[in-house]
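Q: Please take a close look at a single part of this model and describe, with the criteria spelled out, how that part is packed and what surrounds it.

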Amino acid sequence: MLRISKIIDYGTLVLTHMAGDPDRVFSASDLAAILGLGQPTVSKVLKLLGQHELVISSRGARGGYVLGRPAKQISVAQIIDALEDQPFGLTECVATPGACSVESDCHIRSNWQRINDIVRRTLEEVSVADMIRVPVNEFPLTHKPGPELKNRNKASTSNVELTE
């Protein structure tokens with residue numbers, strides 16, 4: 001299953017909150033309290049985001065963190081790059097070429113690369129500014145798959161074609 005890690009989710013949450021008031025200087029403790037996250041987690045996220053210049057820190061009594069650039073110029077892909085320990089990739093061979101023992105004989109690696117490129121481009125196109133916009137019931141969180149999806153034959157194939 002493809003899933004964004006908690007640290008990326010938290011980093012996106014922190015940045016979107018900061019983008020809601022871009023002129024404010026936020027402390028790690030304020031962000032932790034407002035967002036309901038642990039301060040050590042928020043501090044770690046801010047440190048990593050700062051290393052990639054997505055936030056800028058200042059010291060002192062009025063110190064804290066501000067966005068490193070406008071929210072529309074920070075992509076979800078940049079957040080992932082800042083917070084993940086390893087390069088972006090849906091499969092090991094795409095993220096770290098040469099890491100898989102069957103890579104040289106694999107006949108699907110190029111397809112995984114193509115899928116990876118599509119996902120990566122999409123993540124590059126979505127900004128923090130986009131993330132703070134509330135969609136009009138485009139993807140309701142309360143939706144549950146109906147019985148037709150639950151009972152679908154697991155061996156069925158899709159007719160969806162990926163294009164570049």
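A: The crossing of helix 1 and helix 4 is right-handed, a label given when the near helix is turned clockwise from the far one by less than a right angle, anticlockwise being left-handed. Helices here are DSSP runs of H or I with at least four residues, strands are runs of E with at least two, and both are numbered from the N terminus. The model is predicted, and for that reason local features need pLDDT of at least 70 and side-chain atom pairs count only at pLDDT 80 or more, while totals for chains, interfaces and linings use all residues. Residues are numbered from 1 along each chain as its sequence is written, and side-chain values use heavy atoms, with hydrogens and water left out.

The axes of helix 1 (residues 6-19) and helix 4 (residues 76-83) come within 9 Å and cross at roughly 125°, where axes are lines fitted to C-alpha atoms over the stretch in contact and angles run from 0 to 180 degrees between N-to-C directions. The two helices are therefore oblique to each other, since angles under 35 degrees count as roughly parallel, over 145 as roughly antiparallel, 65 to 115 as roughly perpendicular and the rest as oblique.

On the helix 1 side, the contact (heavy atoms within 4.5 Å) is made by Ile 7, Ile 8, Gly 11, Thr 12 and Leu 15, and these meet Ile 79, Ile 80 and Leu 83 of helix 4. By class, this contact has six nonpolar, two polar and no charged residues; Ala, Val, Leu, Ile, Met, Phe, Trp, Tyr, Cys and Pro count as nonpolar, Asp, Glu, Lys and Arg as charged, and the others, Gly among them, as polar.

Helix 4 is largely enclosed by the rest of the structure, because six of its eight residues are buried, that is, under 20% relative accessible area with a 1.4 Å probe and protein chains only, whereas exposed is over 50% and partly exposed lies in between. The buried residues are Val 76, Ala 77, Ile 79, Ile 80, Ala 82 and Leu 83, and they pack against helix 1, helix 3, helix 6 (109-125) and helix 7 (128-132).

Buried residues make up 29% of its 164 residues, and among contacts between residues at least 6 apart in sequence, 61% join residues at least 24 apart.
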